[in-house]
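Open the model in your viewer and switch to a cartoon view. Keep the sequence panel at hand, and follow the stops in order.

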Amino acid sequence: ARSRPGGRVRTYRDPFADGLSAEMGAEYVDASDEYDHRYCQEFGLKVMTAKLYDGIFVRGKRIAMTALKSGEARLPFEGTQAGQLFGQEAQYTKRLVALIKDSDNLPAEIQKLDNLSVVGLLLQEGAPQDIIALYTYLNATESTARPHQLSALGMVRGHARASGFNEEVDEGRIFGGNDQLPKAFARRLSDKILYNRPVRRIAHGANGVEVWFEEGGAILSLRAPRLVIAMPFKVLRDVEITPRFSPAKMKVINSMSYGQVMKLAMQFRERFWDQPGSIGQRVFTDTKLRRVYHMSIDQPGPRGILMSFTTGADAEKLGMLSHEDRLRTALTETTKIWPQAPKYWESAAVKYWNEDPWVRGSYSYIGVGQSAFRAIAGEAEGRVHFAGEHTSGASMNGAIQSGVRVAREIGKLP
């Protein structure tokens with residue numbers, strides 16, 4: 001484990017004034033997140049509902065979400081339908097969605113979509129380039145990927161289930177910081193956790209497992225009857241595994257897709273986004289920052305934090321910049337949305353997860369040809385079991401769910 005519990009759950013407090021904090025990693029607890037809510041209740045943590053997105057800034061145009069939904073305003077993208085933001089691509093997948101009668105028994109034409117990208121499918125079905133551009137800033141941003149990297153099968157199945165992120169999703173955060181949840185788990189297991197010990201080698205066989213790790217410059221090892229691996233596969237790729245797992249498992253470990261993500265938490269002297277005439281508090285954009293929103297809505301003022309959630313190609317480009325240039329870019333892009341931003345700017349904190357050695361990326365996503373990857377990722381290999389969001393779903397809830405699954409899996413063994 002690294003020097004703290006939580007992995008990609010990371011709450012920053014120290015960089016900010018007046019007791020402000022910001023979620024620099026996993027952020028939202030949706031209303032449907034069963035395991036998040038169950039354990040928050042067990043640990044006495046309160047989940048606060050976040051404000052829905054109320055503004056759109058695309059192609060230089062400011063649009064209130066209420067105006068879009070009422071039909072008073074339209075998106076400046078060719079081929080879009082009135083009254084909605086997300087799901088504009090659905091009109092081009094209706095033919096395929098209609099073919100799905102049983103989600104567990106997909107017809108051959110639908111199964112083949114796993115080898116086609118979202119871009120390839122939308123072009124095939126006659127969607128204009130603007131629909132693809134909009135998808136980049138909406139669904140692909142949520143996946144932290146580029147549309148040409150995402151499996152078309154995943155998109156079509158999502159439409160068939162009427163699932164996925166949209167402007168109506170009921171999101172929440174843990175009051176006082178999301179890091180309280182992993183810390184509560186860690187306190188229960190305190191005497192069993194070894195922090196700051198990177199794993200270097202894993203050996204497994206019929207009689208048990210042995211794990212070698214670094215400790216104070218030395219390589220030490222521990223033996224156990226069974227092992228649960230929860231580290232991201234991008235990190236596991238560099239761990240020596242003896243003997244190698246099955247070919248299917250090794251393929252997934254070596255090629256599972258992880259996106260690009262950077263979060264910038266910008267502290268301002270006043271909350272100008274709350275002032276009359278503001279585009280809103282939570283804004284979808286096509287700027288380099290992608291999504292920009294009020295992070296300190298549940299925290300005392302007058303200072304406040306605007307958070308940006310930047311993914312895909314824009315995150316990768318920002319990741320190539322120096323820290324100072326990242327901050328300059330953040331302020332420049334924020335000023336496009338709120339021209340008064342420079343007047344109130346004070347400081348900012350940045351977390352680029354792709355340069356974090358314990359993670360090396362965002363969360364997993366289903367790339368082209370990878371529809372079976374999550375199921376394979378979660379399958380045990382002899383005495384080695386697998387947990388983590390990449391085995392169940394890219395969220396805090398998915399990570400906890402995977403831990404519960406593995407605990408039950410091991411508990412059923414003789």
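**Stop 1: the seven-stranded sheet**

Start with the open sheet of seven strands, ordered S5-S4-S14-S15-S16-S13-S17. Its pairing is mixed. Bear in mind that this is a predicted model. Now colour the two edges: strand S5 (61–64) and strand S17 (345–352). Each has a single partner strand, so one side of each is left without a neighbour in the sheet. Look along the sheet for the twist, which averages 20° from one strand to the next.

**Stop 2: strand S14**

Select residues 282–285, strand S14. Are its faces covered or open? Both faces are covered. Show the side chains: Arg282 and Phe284 lie on one side, Val283 and Thr285 on the other, and all are buried. Buried here means under 20% relative accessible area.

Strands of a sheet pair through backbone hydrogen bonds, either parallel or antiparallel. Both senses can be seen here. Select strand S4 (residues 55–58): S4 and S14 run parallel and are joined by three bridges. Pick Gly55 and look across to S14, where its bridge partner is Val283.

Then select strand S15 (residues 291–294), which pairs with S14 in the antiparallel sense, again over three bridges. Which residue of S15 is the bridge partner of Arg282? Click on Tyr293 to find it. Val283 has its own bridge partner in S15, Val292.

**Stop 3**

Follow the chain from S14 into S15. Five residues lie between the strands of this hairpin. Stop at Arg290, which takes a positive phi near 65°.

Gly301 is partly exposed, with a relative accessible area of 45%. That class covers values between 20% and 50%. To get a sense of scale, draw a C-alpha to C-alpha distance from Gly301 to Lys94: the two are 47 Å apart in space and 207 residues apart in sequence.

**Stop 4: a helix across the sheet**

Select helix H12 (residues 312–319). H12 lies across strand S13 (261–268), S16 and S17. It runs at about 110° to S16.

**Stop 5: a pair of helices**

Two packed helices are described by the angle between their axes and the distance between the axes. Select helix H1 (residues 34–42) and helix H9 (residues 180–188). They pack at an angle of about 60°, with their axes 10 Å apart. That makes H1 oblique to H9. The crossing is left-handed. Show side chains at the contact: Asp36, Tyr39, Cys40 and Glu42 come from H1, while Leu181, Phe185 and Arg188 come from H9. By class, this contact has four nonpolar, three charged and no polar residues.

**Stop 6: the four-stranded sheet**

Finish at the open sheet of four strands, in the order S9-S8-S7-S11, with mixed pairing. Strand S9 (218–224) and strand S11 (240–242) stand at the edges. Each has a single partner strand, so one side of each has no neighbour in the sheet. The twist averages 15° from one strand to the next.

Zoom in on strand S7 (residues 199–205) and S11, which run parallel and are joined by three bridges. Which residue of S11 is the bridge partner of Ile202? Select Ile241 to see it.

Notes: Residues are numbered from 1 along each chain as its sequence is written. This is a predicted model: local features need pLDDT of at least 70, side-chain atom pairs count only at pLDDT 80 or more; totals for chains, interfaces and linings use all residues. Side-chain values use heavy atoms; hydrogens and water are left out. Buried means under 20% relative accessible area, exposed over 50%, partly exposed in between (1.4 Å probe, protein chains only). Two strands pair if DSSP finds at least two bridges between them. Axes are lines fitted to C-alpha atoms, for helices over the stretch in contact, and angles run from 0 to 180 degrees between N-to-C directions. Angles under 35 degrees count as roughly parallel, over 145 as roughly antiparallel, 65 to 115 as roughly perpendicular and the rest as oblique. A crossing is left-handed if the near helix is turned anticlockwise from the far one by less than a right angle, and right-handed if clockwise. Contact means heavy atoms within 4.5 Å. Ala, Val, Leu, Ile, Met, Phe, Trp, Tyr, Cys and Pro count as nonpolar, Asp, Glu, Lys and Arg as charged, and the others, Gly among them, as polar.
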